[in-house]
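Let's walk through this one together, question by question. Have a look at it before we start.

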Number of protein chains: 2
Amino acid sequence: MNPMGLFEELEKALSPERVTNNETILELHSKDESYHTPHLPDVVVFPENTEEVSEIMKLANKYETVVVPFGLGSSLEGNMIPYDQGIMIDFSMMNKILEVKPEDFLVKVQPGVTRTQLDKALKKHGLFFSVDPGADATLGGMAATNASGTTSVKYGIMRDNVRDLEVVLADGTVFHTGSLAAKSSSGYHLNGIFVGSEGTLGCFTELTLKVFGIPEHTMAGRAAFSSVEDAVDAVIGILQAGIPVARVELVDEQSMKQINWFSETTYAEVPTLFLEFHGNEAGLEQDVDFTREIVSDFNCKELSFETDTAARNRLWDARHNAAYAYIHGNPGKRQMVTDVCLPISELAGAIKDAREAIENSGLVGGIVGHVGDGNYHILLMIDVNNPSDIEKANQVNERIVGYALTRGGTCTGEHGVGVGKKKYQEQEHGPALDVMRKIKAALDPAGKLNPGKVVDLD
Amino acid sequence: MNPMGLFEELEKALSPERVTNNETILELHSKDESYHTPHLPDVVVFPENTEEVSEIMKLANKYETVVVPFGLGSSLEGNMIPYDQGIMIDFSMMNKILEVKPEDFLVKVQPGVTRTQLDKALKKHGLFFSVDPGADATLGGMAATNASGTTSVKYGIMRDNVRDLEVVLADGTVFHTGSLAAKSSSGYHLNGIFVGSEGTLGCFTELTLKVFGIPEHTMAGRAAFSSVEDAVDAVIGILQAGIPVARVELVDEQSMKQINWFSETTYAEVPTLFLEFHGNEAGLEQDVDFTREIVSDFNCKELSFETDTAARNRLWDARHNAAYAYIHGNPGKRQMVTDVCLPISELAGAIKDAREAIENSGLVGGIVGHVGDGNYHILLMIDVNNPSDIEKANQVNERIVGYALTRGGTCTGEHGVGVGKKKYQEQEHGPALDVMRKIKAALDPAGKLNPGKVVDLD
């Protein structure tokens, strides 16, 4: 990087107050929410529109400088840590909700809009955005990592809910990946390849997202089991019965304890499913009755449902706070969150093996899972200054990733590759990795977009 | 092409009886179901496994010869017509259902398996494959064109239901686009880009598809309206109410007449919605009651429901036979089927404009539509030996495509680009077409895979 010339040109292209190498600002852009080592960018820029992003890309190109996009820094695999320095594009000033189209179930937003900001705006139209990764991430960031969360079993993941992206390529070209049509067989499906590309193929400057009508009725419940196997088998039973469950989350015994301690709840401290159903009143009642029958076949010890909003929110807050419960319960430690996803038939075995791996490591850790999708996380507490902790955590991760990959699974269900899952890409994708590399080389030949993440050029 | 050396090498790689230039066989592989001009390939090969497909690709590479995959020839835009001759790979001998995994809602098939063959095999597991384009196409072909049809409003299009593809690239490399996991954020999403690539990026040799449990209850009905606008507005109302309709098809007045004549039915000859709901009994009843309220708000003149299987099948047969009804009613003519898709808020206007375009052309034509997705077809009858008919049909197509593209739509919702929609790619995709071209060049640098379709190298 030639910081002098580039810095001045960036100031000219944007405005001086939106280009900075202030140490505090650089620091804020050096890390995400993971245990991965922070690293400072050279400069942080705050564009206000697509044209400015295109200008930044052209200048980066001219000065052969790295570019990394930044949403809110809530990623979990070091996805946006700028290990090769360069320009970090912070999208917080591109945070407008541009258009809500209720008849088409679409909303157009800038990448810096956050999930809760969007939901607030949609509520008055009777609509909601379904993807809920827990954190109040930006939509741009969620598209970049192909986020999902608790509701994807019914409503789909980020990739399913992105109708169109405006993208700026490494050379400054601006284009759209899709259209507003609900489906298309026209040309190659660029939407799919850009969602989940983690800033390695281009930067998103506008997103058109699919939204849903707020369901007429919602019921949430908690089912307590004697074993993880029973809980997972009950979920398979619910899915096979065709019950359109909207959320089904597994929380293991250890994590229920941690939740009770943190949220001051008194839930049974056994493997538990948190469930939610959306639909019309009569249909929900029948779904719930059927669910009751199924879970009792799998030795459910307790099943309770909540219909009023406050009780439902309490329940889901407890579930969503699981990660924070561990963090607060282990001061001074950071959290490594694993993220494998398997065919659901392999999930019970995987979780049993994961529990064994945690016990063997001697680390504190609990398991929570988006069990309807076969995706589970270990919340593993580590002292990042203790090499032995890092080593043990890596061993746990390596073991569970290996278990998943030999059974048709993936090393990351929703957090993305970043730097943390880079080493598993060859094993997971085999010759497909070379296809990905060719696509990367075709679209970012100089390898300047978020280098070191997802795939390397060679 | 060097037919002598290549032909002999193909015979050696497969076996002599599975490599042919028999005129009748070439003829059978020269056309699809569209009005597009047929063209013979040089040779047709019938591989039995992935290794043989890889060998064919390597030989094609060596002899610098074109390769085009062939399913059943049911495409509608000349998608597999071999205008540059070369080798046609017929996948009819790769037609095995390899594995059904009911717990994971997955099935693994070879590309030559047809839709009805698959559904028969799934039925005994209580499962069904949701994508229903009408024709009994092969799954390989359906993935190649990203087919959809009547059920995609609830269950998604082909791209949503392909979990993994085994692909053979132009150089013979074999790789997998995905995994068996329900979701993944690992690497670039190759599934999405290969589904809908129409044989221009590689050949599919194995598909892992998502399947669904056969719904507990199904209700189908017919709603008759005074105008297309009312019918479309009623659909928007149904969707906004969050009623999870499984199918919602529009048939215009002219097509209802043609259906009555062909299927010997006595349905009201007015704009009609064919509807289907899947779910539990109580939920369905409430959905139907709610639907009744909504359609009555939009001047529905008649609403009738069928629950028994025979009556339901009669109803859907009538709808599915709309295209054949026109063909039988217009002997000596062929059918041009248009395929635009728009945001649903633009659909009523588009259909009104389309009806005007048909009237102006003087051609016989009816409109049917997958209205829940904003996708409609004009079934336009033309004499392919009469240049004036072709000219008029092209004018109609051009007008409705233009209408769709200026309103955020696409020139093809489900039939693919083939040769028929090639001319609209620049207008629809703008600078994105260059991104597609770069991907094509990266994966098929010599441009030998189904050339002339989707995008050109330069």
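Q: How many residues of chain A are in contact with chain B?
A: Contact here means heavy atoms within 4.5 Å. On the chain B side, 80 residues take part. Facing them, the number from chain A is 80.

Q: What kind of model is this, and how are things numbered?
A: Residues count from 1 along each chain as its sequence is written, chains are lettered from A and ligands numbered from 1 in the order written, and side-chain values use heavy atoms, leaving out hydrogens and water. Local features need pLDDT of at least 70, side-chain atom pairs count only at pLDDT 80 or more, and totals for chains, interfaces and linings use all residues, since the model is predicted.

Q: Which three residues supply 16% of the area that chain A buries against chain B?
A: Buried area is the accessible area (1.4 Å probe) that two parts lose on being put together, summed over both. The two chains bury about 6,000 Å² between them, 60% of it on carbon and sulfur atoms. The trio giving chain A more of its share than any other three residues is A:Lys183, A:Ser185 and A:Tyr188.

Q: Which residue of chain A forms a salt bridge with B:Asp373?
A: A salt bridge is a side-chain nitrogen of Lys or Arg within 4 Å of a carboxyl oxygen of Asp or Glu, and the rule finds four across this interface. B:Asp373 lies in the loop between strand 17 and strand 18 of chain B, and its partner in the loop between strand 9 and helix 8 of chain A, so the pair joins two chains. Their closest N and O atoms are 3.6 Å apart, and the partner is A:Lys183.

Q: Which residue of chain A forms a salt bridge with B:Lys183?
A: Here the closest N and O atoms are 2.9 Å apart. The residue on the chain A side is A:Glu414.

Q: How many salt bridges does the structure hold over all chains?
A: The interface of chain A and chain B has four. Over all chains, the total is 46.

Technical notes: Helices (H or I, at least four residues) and strands (E, at least two) are DSSP runs, numbered from the N terminus.
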